[in-house]
Each structure stands twice: as structure tokens, then as C-alpha cells.
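Hi,

Have a look at the structure, then read on.

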Amino acid sequence: MRPARNAILAGALAAVVVGMVGLSFAAVPLYRVFCQATGYGGTPKIGPAESPGISPQTMLVRFNANTFPNLPWRFLPVQSQVRVHLGADQLAFYEARNLDTVAITGVATYTVTPDKAAKYFHKTACFCFNEQTLAPNQDMQFPLSFWVDPAIADDPSTQDVKTVTLSYTFFRSLDDAARSGALAKAGPHVGPLVR
């Protein structure tokens, strides 16, 4: 009888270990789905391509740019900020320059702060999550299109928000972004994903 009980116990422990390993791999995708659905952690909600209408109220949108330390690029927003009417489509640009003597490929992730405003920030086109290759000393501009939902002004939890910051970070790869923790916090992709 003892060998049978030991086999059952070993089987149960093996099932627990396999389940825990499976959950550890599912944690990041599940967290990302949760953030996309709720706007938690600075993850913008990706909504319809068209806004519900333009409001006379305005919001200041600031642009921030970073590069991961192992990426020899200069990366900056073309304009540091823009005041937009809620619901109005807006076009903005970032620019990058490869400072190395060889072609370098990078990939960008983004977040929106404050976190509570992220669900009202709708990107309709951007360069995030797509590999971008720059030749030595090449400059390139990256456009993005967005609008801020007028509902942000009606939400009691965001009525104090007057400024939203869109931050992009370029990495050499999505693996670098994942290792740094940025991928789990990044907003969802908009547009065709090219790898």
C-alpha cells in the first residue's frame, strides 16, 4: 500500500510543479490583458480609430523619449508638448539617429502617465513594437497619431488631470524590454506588427 500512496503523492506534487511553471509563463500575458482592459499601470486603452467627437476642453500632452543603455541612438520627441482638444486627432513625431558606425535595429515600447489617465489615451497609429533599422549616422522620424477621450473630463478620478505624458523607450530587442520589465508595463500595439 505504501508504494501506491507514494506514487499518488509524487504525481500530485509533479502536477503542482507543472501548474506553477505554466502559471509563471502565463503571468506576463495575463497581466498585460488585465492592464489593457482596465488602463492599469499606464496602459492606454486602444479604442476605435475615430473619436466620439471634439470637445472645447483641452489637455496638455507631453512627450518623453528614452533609449536603453546598450542602444547607441539619440532619440527625442520633435516637439516636447502639445495642447490638444479632447477628442481631436493629433499627429506627433519622434526622431532618432544611429550614432554607431554599423546598422542598428531597435524596437520601442511606450507608457502613458498618470496611470489613471491611460485608459482615455487612444493611439490610432504608432511605431511601437515594430523593429526599426537605422544605417550608420542615419536620422529617421517616427509618426504617431492619437486622441484623448473627452470622457476623461467626466471621470471623477481624472478631473484633476491636466497633463498626460507619453513616454517611449527604444530597446535593441523586445527581449531587452522584457528583461528590463518595460514590456510588462508597455501599452498595447497599434497597427500591423512586423518582426
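One definition before anything else: I call it a salt bridge when a side-chain nitrogen of Lys or Arg lies within 4 Å of a carboxyl oxygen of Asp or Glu.

On where this comes from: the model is predicted, so I took local features at pLDDT of at least 70 and side-chain atom pairs only at pLDDT 80 or more, while totals for chains, interfaces and linings use all residues. Residues are numbered from 1 along each chain as its sequence is written, and side-chain values use heavy atoms, with hydrogens and water left out.

**Salt bridges**

How many salt bridges does the structure hold? There are three. In one of them, Arg74 pairs with Asp139, and the closest N and O atoms are 3.9 Å apart. Arg74 sits in strand E2 and Asp139 in strand E8, so this pair ties together parts that are 65 residues apart in sequence. (Strands are DSSP runs of E with at least two residues, helices are runs of H or I with at least four, and both are numbered from the N terminus.) Arg74 is partly exposed, at a relative accessible area of 38%, and Asp139 is also partly exposed, at 46%. For these labels, buried is under 20% relative accessible area, exposed is over 50%, and partly exposed is in between, with a 1.4 Å probe and protein chains only.

Arg97 belongs to strand E4 and Asp139 to strand E8, so here the parts tied together are 42 residues apart in sequence. Arg97 counts as partly exposed, at 23% relative accessibility.

Lys116 and Asp160 make another salt bridge, with the closest N and O atoms 3.0 Å apart. This one links distant parts of the chain, 44 residues apart: Lys116 is in the loop between E5 and E6, and Asp160 is in the loop between E8 and E9. Lys116 is partly exposed (37% relative accessible area), whereas Asp160 counts as exposed at 54%. As for Arg74, Arg97 and Asp139, salt bridges that share partners join them into one network.

**The four-stranded sheet**

Which sheet holds the strands of that network? E2, E4 and E8 belong to an open sheet of four strands, in the order E2-E4-E8-E6 with antiparallel pairing. Its edge strands are E2 and E6 (121-125), each pairing on one side only. The twist averages 30 degrees from one strand to the next; axes are lines fitted to C-alpha atoms (for helices, over the stretch in contact), and angles run from 0 to 180 degrees between N-to-C directions.

I count two strands as paired if DSSP finds at least two bridges between them. E2 (residues 73-77) and E4 (residues 90-98) run antiparallel over five bridges, and Leu76 has Glu95 in E4 as its bridge partner. E4 and E8 (residues 139-148) are joined by eight bridges, again antiparallel.

**The five-stranded sheet**

Another open sheet has five strands, ordered E3-E1-E9-E5-E7, with mixed pairing. E3 (81-85) and E7 (132-134) are its edge strands, each with pairing on one side only. The twist here averages 30 degrees from strand to strand. E5 (residues 104-113) pairs with E7 in the antiparallel sense over three bridges, and the bridge partner of Gly106 in E7 is Gln132.

**Asp149**

Is Asp149 buried or exposed? Asp149 is buried, with a relative accessible area of 16%, and lies in the loop between E8 and E9 (163-171). A polar atom of the Asp149 side chain is 2.9 Å from the backbone nitrogen of Ala151. Leaving aside residues up to four places away in sequence, Asp149 touches Pro52, Tyr120 and His122, where contact means heavy atoms within 4.5 Å.

**The whole chain**

The chain has three helices and nine strands, following the pattern α-β-β-β-β-β-β-β-β-β-α-α along the sequence. Of its 195 residues, 37% count as buried. Among contacts with a separation of 6 or more, residues 24 or more positions apart account for 78%.

Cheers

How values were computed. Polar contact = N/O pair within 3.5 Å; in protein donor to acceptor, adjacent residues only side chain to side chain.
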